[in-house]
Amino acid sequence: MTRSRWWTVAVVVAAMVLANVVLLMVNRDAETKPRAGDGPRPTASGPLSSTGASSSPSGASSSSGAPDAGAATPPGDGPPNHVDNNAWKQGNDPSADDQAAGEDLAARVRPTLEALRAAGDFRPASTRQAFLDLGVGSEAITVRSMREAAGAVFGVRVGGRGCVVGDVRPERVLVQVRGAAAEYGCLEPFTH
């Protein structure tokens, strides 16, 4: 093999190794992302997260504390532009006032949602009523059934950029404050 041919082979191999390293880094980030339609996931920063006695968090979050969207992908199997394709799902940071209002609402609604969970009431109408009873306007509330399990998932708009999101399911109640996404607001739409 000639020297120039050897050099070309070495450059191609180095480029392939570099591409694989980049894909592994992207996919490692994608592994922490929850599946769309299963509701918000608990965050590591979670004083707002509340779980039942027999539960454990089943999802993860980004380093910013906001839930990331998209499906978890094993290393090496994800598309190269997975992060870019799912950027529309990322929420904005709430303002300080929206964060404070969201934390207040979360603290006030949590006992009612815990009582619903304890009673085995996972109906979206009951979850919606919990927010209405606290004086939240109906236009700010989105609640729907979970697709793959018993439970209700909710998103409630707070202020200009804030959301109180979470779910009520047999094993836990989750209540989080985060920013609204420009594309869909507080509750991510089902995509599949």
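What share of the contacts in the protein chain with a separation of 6 or more comes from residues 24 or more positions apart? The answer is 60%, where contact means heavy atoms within 4.5 Å.

This is a predicted model, so local features need pLDDT of at least 70 and side-chain atom pairs count only at pLDDT 80 or more, while totals for chains, interfaces and linings use all residues. Residues are numbered from 1 along each chain as its sequence is written, and side-chain values use heavy atoms, with hydrogens and water left out.

**Figure 1. The whole protein chain, with its four helices and five strands.** Starting at the N terminus, the elements follow the order α-β-α-α-α-β-β-β-β. Helices (H or I, at least four residues) and strands (E, at least two) are DSSP runs, numbered from the N terminus. The chain has 192 residues, and 40% of them count as buried. Here buried means under 20% relative accessible area, exposed means over 50%, and partly exposed is in between (1.4 Å probe, protein chains only).

**Figure 2. A nonpolar patch made by Val9, Val13 and Val17.** This bit of surface covers about 220 Å². Look for Val13 in helix α1, which takes in residues 3-30. Val13 is partly exposed, because its relative accessible area is 44%. As for the rules, patches are made of residues with over 30% relative accessible area and no salt bridge; like charges are joined within 9 Å, and nonpolar side chains (Val, Leu, Ile, Met, Phe, Trp, Tyr) within 5 Å.

**Figure 3. Helices α3 and α4 packing together.** Helix α3 spans residues 96-119, and its axis sits 10 Å from that of α4, at an angle of about 145°. The axes are lines fitted to C-alpha atoms, for helices over the stretch in contact, and angles run from 0 to 180 degrees between N-to-C directions. The crossing is right-handed; a crossing gets that name if the near helix is turned clockwise from the far one by less than a right angle, and left-handed if anticlockwise. On the α3 side you'll find Leu105, Val109, Thr112, Leu113 and Leu116, which meet Ser126, Thr127, Ala130 and Phe131 of α4.

**Figure 4. Two residues of helix α4, Thr127 and Gln129.** Helix α4 covers residues 124-132. Thr127 counts as buried because its relative accessibility is 0%. Apart from neighbours within four places in sequence, Thr127 is in contact with Leu113, Leu116, Val143, Ala152, Phe154 and Val168. Gln129, on the other hand, is partly exposed, at a relative accessible area of 37%. Its C-alpha atom is separated by 9.8 Å from that of Thr112, 17 residues apart along the chain.

**Figure 5. Salt bridges, of which the whole structure has six.** Side chains of opposite charge can pair when their charged atoms come close. The cut-off for a salt bridge is a side-chain nitrogen of Lys or Arg within 4 Å of a carboxyl oxygen of Asp or Glu. One of them joins Arg117 and Glu114 (3.4 Å, N to O); both residues lie in helix α3, three residues apart, or about one turn of the helix. Another joins Arg123 and Asp121 (3.1 Å, N to O), and Asp121 is buried, with a relative accessible area of 15%. Arg169 pairs with Asp167, their closest N and O atoms being 3.2 Å apart, and both Arg169 and Asp167 are buried. Salt bridges also link Asp167, Arg169, Glu171 and Arg172 in a network.

**Figure 6. Arg157 and Val158 in strand β3.** The strand takes in residues 152-158. Arg157 counts as partly exposed because its relative accessibility is 35%. Beyond neighbours within four places in sequence, Arg157 is in contact with Ala140, Gly162, Cys163, Ala180, Gly185 and Cys186. The C-alpha atoms of Arg157 and Val136 are 9.1 Å from each other, and the two residues are 21 residues apart along the chain. Next comes Val158, which is buried at a relative accessible area of 9%. Not counting residues up to four places away in sequence, Val158 touches Asp98, Ala101, Gly102, Leu105, Cys163 and Val164.

Notes. Areas by Shrake-Rupley, 256 points an atom, 1.4 Å probe, with all protein chains shown as cover.
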